[in-house]
Amino acid sequence: MDLSTTPSDPPITAPPDNRSRIFPWVVFGLTFGLLLSDYMSRQVLSAVFPLLKSEWGLSDSQLGALTSVVALMVGLLTFPLSLLADRWGRVRSMLVMATVWSLATLLCALAENYHQLLGARFLVGVGEAAYGSVGAAVMLSVFAPQLRASLSGAFLAGGSFGSVVGVAVGGVIAEHIGWRWTFAVMAALGLLLVAVFRVLVTESSLRRHTFTDSPAGDGDSPAPSNTVRAPLSSLFSSVPLWCAYIGGGLQLFVGAALMAWLPSFFQRSYAMPTDHAGLAASGYVLLIGAGMVACGILTDRAARRNPLRQWSSALLYCTISLILLTAAFSLGTGPIQLTVLALGALTAAGSAGAMSSMVVSLTHPGLRATALAVVTLANSILGLALGPLVVGILADRYGLASSLRLVPLAYLGAIGFLVLGRYTYPAGLRRLADSGREPSGPSTLP
């Protein structure tokens, strides 16, 4: 049986000059705000670990399970729920997802024992599973293709910012009024954003402002129709798509490892107390997020006339990080190491926006949420899950500092796939056009 889906966005009839200049930024602000809520609800748990351990007598493995169950649900459900959103309606799906994770976070505040909290965290993962891919698809749909790398980088950076804010704010709230209020506050924020989103963004308003890439590739003229059925196999039938999936996951391997292990690195190598080590690490996490935004903007500027430069930019960021992070972890402790490490952190995940933009450009509009779900899946398996795990295994044998010295070598794999993707990208665009689906982005290729 051939599984296929029809585009979720009906044909656009409004001319480009009828689009509001403000509405796309309203969509971006609200989707970004919900992404912050997503990661704040997900990561706030780590701020209350000591209190839960003391109050309920939990083991470290039980505490770890409370975190892992969310990541597990996100990994398992991202693809099917994103496919459902492409069929059922992305705005409607986003509202349901945000409501589920917010109410599940509220259930965390009401949990009376470990098993109730574990069940609530399971529901948090279910609600959050497809938001990243669906939210990105909705946000990108109302902006011109020339802005996609910038916006994708900014959107993905929201995960880093939300994680830092969730832990910092959660710790303060837990210290002053109790750990249950940390979850209650996160839930209230999520539900408030859902209400605002419901009022300001509708399926009809989104359709009026949707950019559908024209055959000419200018990205500013609506296509006459989006009636072509897009088979799911098209998400995996293109070599450059595979290269973007795998290359993107491998470049996040390093960023994920840094976010997970920098607190321990500062504690062990610099003899920092736990709170100071966490604060220092959060600064580097913010640099990683800021780098996603800045590198996305630079990529869009470089690729304005030639889309191949997206691949070249991603290659450049990976190469710079490979050199700087290898040098940083090879240096002795001190200001020079910290400075080089900060510079490397800025480009550590700088390719993320370009990767998402390249996937969007090679995918039919009706399957973009599902395609971004594949990106999320690859990022989760090859980067967010594998990076911290591999470093932990290596650290048990060789020590943490030595293990982190090896981590940047993952960029070599990412670079290899990016080189292949750059070479096959023009053929991928032609294949998409020949099959009846208009490619996204400029068509001027050398």
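Analyst: The side chains of Glu128 and Arg42 meet in a salt bridge with an N to O distance of 3.0 Å, where a salt bridge is a side-chain nitrogen of Lys or Arg within 4 Å of a carboxyl oxygen of Asp or Glu. This pair links distant parts of the chain, since Glu128 lies in helix H5 and Arg42 in helix H1, 86 residues apart; helices here are DSSP runs (H or I, at least four residues), numbered from the N terminus. The model is a predicted one, in which local features need pLDDT of at least 70 and side-chain atom pairs count only at pLDDT 80 or more, while totals for chains, interfaces and linings use all residues. Residues are numbered from 1 along each chain as its sequence is written, and side-chain values use heavy atoms, with hydrogens and water left out.

Arg42 also meets the side chain of Asp38 in a salt bridge, at 3.4 Å from N to O. Because Arg42 and Asp38 are 4 residues apart in helix H1 (residues 23-43), about one helical turn separates them. Through shared partners, the salt bridges join Asp38, Arg42 and Glu128 into one network, and a search of the whole structure finds 2 salt bridges.

As for cover, Glu128 and Arg42 are both buried, a term that means under 20% relative accessible area, with a 1.4 Å probe and protein chains only. Arg42 has a relative accessible area of 15% and so counts as buried, and Asp38 is buried as well, with a value of 1%. In general, side chains of opposite charge can pair when their charged atoms come close.

Conventions:
Helices (H or I, at least four residues) and strands (E, at least two) are DSSP runs, numbered from the N terminus. Buried means under 20% relative accessible area, exposed over 50%, partly exposed in between (1.4 Å probe, protein chains only).
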